[in-house]
Amino acid sequence: MHKIWIVLKSEFRRRVRTKWFILTTLLGPVALVAFFAIVGVVAVSSMEDGGRIVAVVDETGRLLPRLLVEPEDGLRLVAVEGPADSVRAAVMAGQYDGYLRIPAGVIEGAGEVIYYSPEGGGLGIFQSRLERLVREAVEQERLAARNVPPEVLEILRARVPVRMVRLTEAGETAGSTGAYVVIGFIMGFLIYMAMLIYGSVVMQGVIEEKTSRVVEVIVSSVRPFHLLMGKVLGIGAMGLVQMVVWALIILAGTMFSGTLLALFLDPAAFDLPDDASQRELLAAANFTVPQLSPDVFVWFVLFFLVGYLLYASLFAAIGSAVEQQQDAQSLLFPVMMPLILSIVFIQPVIEAPNSTLALVLSMVPFFSPIPMVVRVAVTEVPFWQVSLSFLLLLGTFVASIWVSARIYRVGILMYGKKPGLKDLLRWIRYA
């Protein structure tokens, strides 16, 4: 234990004194929020700036006026006449972004509306907007054909907002649940990035020591297992410090989220006077400061710590088996696949945190650090589920460190041919 402690202290002190560590610790969550905010703003701006110009060929002769009654942001409809070939040529020449053909019998339920464009319409957001516009126009025309009074039309068009409320054992949390989603996403993404970066740091350190033959000197006085544990725990301690600081920053950001959001809200958008108070603005925006339990931050740190130990031990074993980072790619793929899948499935987990998919992912140890933390932040997870998931993760780490130590013991002094999976299995059996 004494030698593990010496290696641990050396790794910890050497890394926490770097400018990279200080900057990422202080600015990590802020940079992450800023990154996604910029991506969101740029994405929205790209859809709005310039907009789309769509030519409309209305063969009914009745729907176009209804389509033009309410202009859409970023979408301009232009009535055109003439043969389809000339309209298509105008689109291909760049005069329009596409054209919408509304057949004559669509009001009576015959035919289908078709949108023609060079790019096909994108991911479906634009298609939804067009479908809504056409559907509303057809509905209004059908009702008007049956002499339905305008007052009834207004009643049918009246929007009914749906407010989302988080239900917990302690009661109801009023206001939008979007804040919980944002916090859960940030926590899950931070754990993903931290495990990936710190695991790579461990692997890179092992490769450098092996390549420079420094490890041959070290293992003459320290057992390979002690060296492996000291290195993994030392970098893990560095990560633990960073995660605790990030948890405190997220906690502070959560507490002051209402004040920050109020700075960007326009009272006129909610029909409020210019001197409206912060409380009035947040109430109009259906936002309340999320009340997160301290357990959320405790589980965030614990799942990161054990998840990191699990992956770092595997990364260290891979690093000991190769002499160059390029040689590690084929061995890294099966190790990194669960991490990649965890971040790929983060959206379904956020949308349905109590679904079967979310439950299974948060229980399987190689996946659990990310989806379980997201679930804990977004909804109220039963204590037995969180505890069982953590114990399974801890047990998997103990098994992985045993396997990794046996690979490390042989691989750290092995040079020459790059080992394959069969070689690693043989090292585990005979080490």
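**View 1. Helix H5 and its span in the predicted model.** Helix H5, covering residues 125-145, contains 21 residues and extends 30 Å from its first C-alpha to its last, close to the 30 Å expected at 1.5 Å a residue. The coordinates shown here and in the other views come from a predicted model. Just after H5, Asn-147 adopts a positive phi of about 60°.

**View 2. The buried residues of H5 and what covers them.** Phe-126, Leu-130, Leu-133, Val-134, Ala-137, Val-138, Gln-140 and Glu-141 are the buried residues in H5. Viewed down the helix axis, the buried residues of H5 fall within an arc of 160°, so they line one face of the helix. An α-helix has 3.6 residues a turn, so residues three or four places apart point the same way. The cover over the buried residues of H5 includes the strands S1 (52-58), S2 (75-79), S3 (98-102) and S4 (114-116), together with the helices H3 (64-67) and H6 (150-157).

**View 3. The salt bridge between Glu-59 and Arg-101.** The side chains of Glu-59 and Arg-101 form a salt bridge with an N to O distance of 3.2 Å. Because Glu-59 belongs to the loop between S1 and H3 while Arg-101 belongs to strand S3, the pair ties together parts that are 42 residues apart in sequence. Both partners are partly exposed, Glu-59 with a relative accessible area of 38% and Arg-101 with one of 28%.

View 4. Salt bridges with shared partners join Arg-62, Arg-66, Glu-108 and Glu-141 into one network. Arg-62 is partly exposed at 34% relative accessibility, whereas Glu-108 is exposed at 58% and Glu-141 is buried at 11%.

**View 5. The chain that surrounds these close-ups.** The chain has 18 helices and six strands, and buried residues account for 42% of its 431 residues. Six salt bridges are found in a search of the whole structure.

Definitions and conventions
Residues are numbered from 1 along each chain as its sequence is written. This is a predicted model: local features need pLDDT of at least 70, side-chain atom pairs count only at pLDDT 80 or more; totals for chains, interfaces and linings use all residues. Side-chain values use heavy atoms; hydrogens and water are left out. Helices (H or I, at least four residues) and strands (E, at least two) are DSSP runs, numbered from the N terminus. Buried means under 20% relative accessible area, exposed over 50%, partly exposed in between (1.4 Å probe, protein chains only). The expected span of a helix is 1.5 Å times one less than its number of residues. The arc is that of the directions from the helix axis to the C-beta atoms. Contact means heavy atoms within 4.5 Å. A salt bridge is a side-chain nitrogen of Lys or Arg within 4 Å of a carboxyl oxygen of Asp or Glu.
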